[in-house]
Amino acid sequence: MKRRVIINAAALIAVASAGTYLSLSRADQKEYLTVTQLANIDALVQTEGEEGTPVGNCEIRKIFSDGELDWHYFCNDATTDGMIYPCPDQRQVGISGGTTKCTK
């Protein structure tokens, strides 16, 4: 009986010591932000006088319509009045159906 109490006490001390060691070793580790995370934070914080997002113009792709094929910067197909997307960086061949806004 005495031996069982000593073994249980030793096991409890070992588990408690291991838990304390692990929690303290993790507390010493510092978390560093990546360059991308810092750039994102900087972009969110920079509002010096600016309260909006710079915009550009892109063209709406016309489908199944008469018109002249030409090279245009077409907007993202998911663009709506409520949601705009980044401006395209490459021109594509198609028929323009007008212009709308995109984010630069």
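Predicted model: local features only at pLDDT ≥ 70, side-chain atom pairs only at ≥ 80, totals over all residues.
Let's start inside the chain: C58 and C75 are both buried. The bond between C58 and C75 is right-handed, with an angle of 105° about S-S. Its two ends come from distant parts of the chain: C58 belongs to strand 1 (residues 55–62), C75 sits in the loop between strand 2 and strand 3, and 17 residues separate them.

How many disulfides does the structure hold? There are 2, and the other one joins C87 to C102, with the sulfur atoms 2.0 Å apart. This link is right-handed too, with 95° about its S-S bond. C87 is in the loop between strand 2 and strand 3 while C102 is in strand 3, so the bond ties together parts 15 residues apart in sequence. The two partners differ in their surroundings. C102 has a relative accessibility of 1% and therefore counts as buried. C87, in contrast, has 25% relative accessibility, so it counts as partly exposed. If you count the bonded cysteines along the chain, the pairing reads 1-2, 3-4.

With the disulfides placed, let's step back to the whole chain. It has 2 helices and 3 strands, and along the sequence they come in the order α-α-β-β-β. Of the 104 residues, 9% are buried. The chain exposes about 9400 Å², and 56% of that area is supplied by carbon and sulfur atoms. Among contacts with a separation of 6 or more, 51% are between residues 24 or more positions apart.

Now for the helical part of the sequence. Helix 1 spans 2–28 and helix 2 spans 35–45, and L33 is found in the loop between them. Together with L38 and I41, L33 makes a nonpolar surface patch of about 270 Å².

Which residues is H72 in contact with, leaving aside its neighbours within four places in sequence? They are E59, Q90, R91, Q92, G94 and S96.

Is T80 buried or partly exposed? Its relative accessibility is 45%, so T80 counts as partly exposed. A polar atom of the T80 side chain lies 3.2 Å from the backbone nitrogen of G82. T80 can also be placed relative to K101: the two are 21 residues apart along the chain, and their C-alpha atoms are separated by 9.9 Å.

Conventions:
Residues numbered from 1 in each chain as written. Heavy atoms only, no water. Patch = residues over 30% accessible without salt bridge, like charges linked within 9 Å, V, L, I, M, F, W, Y side chains within 5 Å. Areas by Shrake-Rupley, 256 points an atom, 1.4 Å probe, with all protein chains shown as cover. Salt bridge = Lys/Arg side-chain N within 4 Å of Asp/Glu carboxyl O. Helix = DSSP H or I, 4+ residues; strand = E, 2+ residues; numbered from the N terminus. Buried < 20%, exposed > 50% of the residue type's maximum accessible area, 1.4 Å probe, protein only. Polar contact = N/O pair within 3.5 Å; in protein donor to acceptor, adjacent residues only side chain to side chain. Contact = heavy atoms within 4.5 Å. Disulfide = S-S within 2.5 Å.
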